[in-house]
Amino acid sequence: MGLICITCGPASAPIDKVRRITNFATGEIGRLLSDVFAEAGFRVVCFRGMGATAPVGSGELREFSTNESLAAGLWGLTEKPVAIFHAAAMCDFDVAAVEGGSGGKLDSRGGGIRLVLKPARKILPDLRGWFPDAFLVGWKFEVDGTRDDVVAKGRRQLAEAHTDLCVINGPAFGEGFGILDCCGDVEFADDKQRLALRLLQIFQSRQTK
């Protein structure tokens, strides 16, 4: 039935050998998607951020740490996936420099330090070029603004990354999830389980056309 690729959990950006910048993503949506697609008979590979705290789902598990390591894992797939659900919370910034500190482990006794951040590499815009025939779903999580603002950002993601769907959520969106398609229409899912099931249904319906 084809390979389903799922990314979930947090990416991280190293500060030194023992510290990193990361986020609060748990990887729960990856577990739910993995279980739903595996139960439907698909082969599943789940790339899971090393800081994820949710239980591991069905299918083959591959861990990643940074944006670059996830990109390398996806690029290195020996079988082309029929669908990619890119739910991982990637790092928006990498550490460009550490001012006031050096060495493998920064010493707090040396006083304060200043981190210089630079925009991190985005993976989603590369996926269409790597997997031109795959069904691609991106995520857009927003804290600030209104629901209309989140929808507008989701539409921009669809146009720029050439994905098939964008899942929108976060405090700015409100309760539940929105599934935004290329026509600009939004379908609502009350929770993560319903979201996972609906994404399966949408993908299966696209496969039969």
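A charge is taken to sit over a ring if NZ of Lys or CZ of Arg is within 6 Å of the ring centre and within 35 degrees of the ring normal. In this predicted model, Arg 147 lies over the face of Phe 173, at a distance of 4.1 Å from the ring centre, and Lys 80 is placed over the face of Trp 75, at 6.0 Å from the ring centre.

Because Phe 173 belongs to the loop between strand 10 (165-169) and strand 11 (177-181), whereas Phe 188 belongs to strand 12 (residues 186-189), the pair ties together parts that are 15 residues apart in sequence. With a relative accessibility of 2%, Phe 173 counts as buried.

A further group of rings, made up of Phe 37, Phe 42, Phe 85, Phe 135 and Phe 203, forms one aromatic cluster. Of these, Phe 37 is among the buried residues of helix 1, which also include Ile 29, Leu 32, Leu 33 and Val 36. The cover over the buried residues of this helix includes strand 1 (3-8), strand 4 (43-49), strand 6 (83-86), strand 9 (135-141) and helix 5 (192-207). At 1.5 Å a residue, the twelve residues of helix 1 (residues 28-39) should span 16 Å, and the 17 Å between its end C-alpha atoms therefore agrees with this expectation. Helix 1 is followed by Gly 41, which has a positive phi, near 100 degrees.

How values were computed
Residues are numbered from 1 along each chain as its sequence is written. This is a predicted model: local features need pLDDT of at least 70, side-chain atom pairs count only at pLDDT 80 or more; totals for chains, interfaces and linings use all residues. Side-chain values use heavy atoms; hydrogens and water are left out. Helices (H or I, at least four residues) and strands (E, at least two) are DSSP runs, numbered from the N terminus. The expected span of a helix is 1.5 Å times one less than its number of residues. Buried means under 20% relative accessible area, exposed over 50%, partly exposed in between (1.4 Å probe, protein chains only). Contact means heavy atoms within 4.5 Å. Rings of Phe, Tyr and Trp (its six-membered ring) pair if their centres lie within 6.5 Å; planes under 30 degrees apart count as stacked, over 60 as edge-to-face and the rest as tilted.
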